[in-house]
Amino acid sequence: MNEHTVYLDTEGTGLDPDKDAMLEIAIVDDTGTILLNSLIAPPPGLNAWPLAQTIHGITPAMVSTAPSLDTLRPQIEAAVRNRDVVIYNAAFDAGFLGTLLDGARSVRCCMEAWSEHVNEWDARFQRLRWHKLVSAAAAVGFEWPGNAHRALADTLACRAVWQYLHNPTERERVDALIHNHRLEAEATSALRSAEHKTRMRDNRWRDYISEFLLTWWLRRFGAVSHWS
């Protein structure tokens with residue numbers, strides 16, 4: 001356990017910190033303990049976010065009685081103070097959090113770390129390819145405790161990816177699980193293939209017997225004069 005590391009994620013009304021606002025924030029420590037998980041009331045006048053809502057599902061009604069960002073400020077600042085704050089796509093969330101991260105020891109981007117791990121070149125942007133959190137989480141065998149694109153679930157997924165990258169014991173454990181799952185999948189596939197071949201063989205044998213008996217019956221009772 002690294003007591004100096006916390007993981008953070010936010011959900012909002014859109015992509016532009018100058019026009020949009022946060023609607024949810026979650027922070028967990030290195031053990032997965034929840035330090036903060038709260039919806040956030042948007043500023044007055046911001047009462048619709050149809051595009052963002054299709055992604056995270058947070059509606060205006062859900063945040064109508066939520067605390068404001070100013071109310072949550074002391075909790076956020078306390079949770080990140082003197083900590084290494086790990087965020088998937090840190091630049092995006094940091095744009096909304098602004099001075100709330102000033103007390104952090106560092107802000108580290110899990111997305112960039114995963115890109116370095118995968119090491120795929122993106123010729124279009126002339127940099128390492130960025131990968132979505134759901135893809136990185138799937139690669140480390142993360143099992144979602146809720147819907148992706150909600151702050152707490154995404155924070156826990158970020159934690160799983162980061163620990164895989166930086167904790168050798170965790171990586172060994174996850175790699176062993178992934179290897180076992182792969183072997184189980186291969187064994188299941190082989191069994192299904194063998195069962196399919198057996199069914200096909202049995203079906204061909206039944207068809208042969210049925211044809212033989214039909215021909216015999218017809219010949220036996222004079223319906224045909226010879227084998228067809």
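The model is predicted, so local features are reported only where pLDDT is at least 70 and side-chain atom pairs only at pLDDT 80 or more, while totals for chains, interfaces and linings use all residues. Residues are numbered from 1 along each chain as its sequence is written, and side-chain values use heavy atoms, with hydrogens and water left out. Helices (H or I, at least four residues) and strands (E, at least two) are DSSP runs, numbered from the N terminus.

Five strands form an open sheet of mixed pairing, in the order β3-β2-β1-β4-β5; two strands are taken to pair if DSSP finds at least two bridges between them. At the edges lie β3 and β5 (106-109), each of which pairs on one side only. From one strand to the next, the twist averages 25°. Here and below, axes are lines fitted to C-alpha atoms, for helices over the stretch in contact, and angles run from 0 to 180 degrees between N-to-C directions.

Buried means under 20% relative accessible area, exposed over 50%, and partly exposed in between (1.4 Å probe, protein chains only).

Next come the helices. Helix α2 (residues 69-80) has 12 residues and reaches 15 Å from its first C-alpha to its last, close to the 16 Å expected at 1.5 Å a residue; the expected span is 1.5 Å times one less than the number of residues. Its buried residues are Leu72, Ile76, Ala79 and Val80. Because these cover an arc of only 80° around the axis, they sit on the same side of α2; the arc is that of the directions from the helix axis to the C-beta atoms. The buried residues of α2 pack against β1 (5-12), β2, β3 (34-39) and β4 (84-87), where contact means heavy atoms within 4.5 Å. After α2 comes Asn82, with a positive phi near 60°.

Cys110, Met111, Ala113, Trp114 and Ser115 are buried in α4, and what covers them includes β4, β5, β7 (127-128), α5 (133-139) and α6. Just after α4, Asn119 takes a positive phi of about 60°.

Glu24 belongs to strand β2 (residues 22-29) and counts as buried because its relative accessibility is 5%. Its side chain makes a polar contact with the side chain of Arg150 at 2.7 Å. A polar contact is a pair of N or O atoms within 3.5 Å; within protein, one must be able to donate a hydrogen and the other to accept it, and residues adjacent in sequence count only if both atoms are side-chain atoms. Leaving aside neighbours within four places in sequence, the residues in contact with Glu24 include Asp9, Glu11, Asn37, Ile58 and Ala151.

Ala157 is placed in helix α6 (residues 151-166) and, at 0% relative accessibility, counts as buried. Not counting residues up to four places away in sequence, Ala157 touches Leu133, Ala137, Phe142 and Trp144. Ala157 and Thr31 are 126 residues apart in sequence and 13 Å apart in space, C-alpha to C-alpha.

Ile55, in helix α1 (residues 50-56), is exposed, with a relative accessible area of 52%. Ile55 and His149 are 94 residues apart along the chain, and their C-alpha atoms are separated by 6.7 Å.
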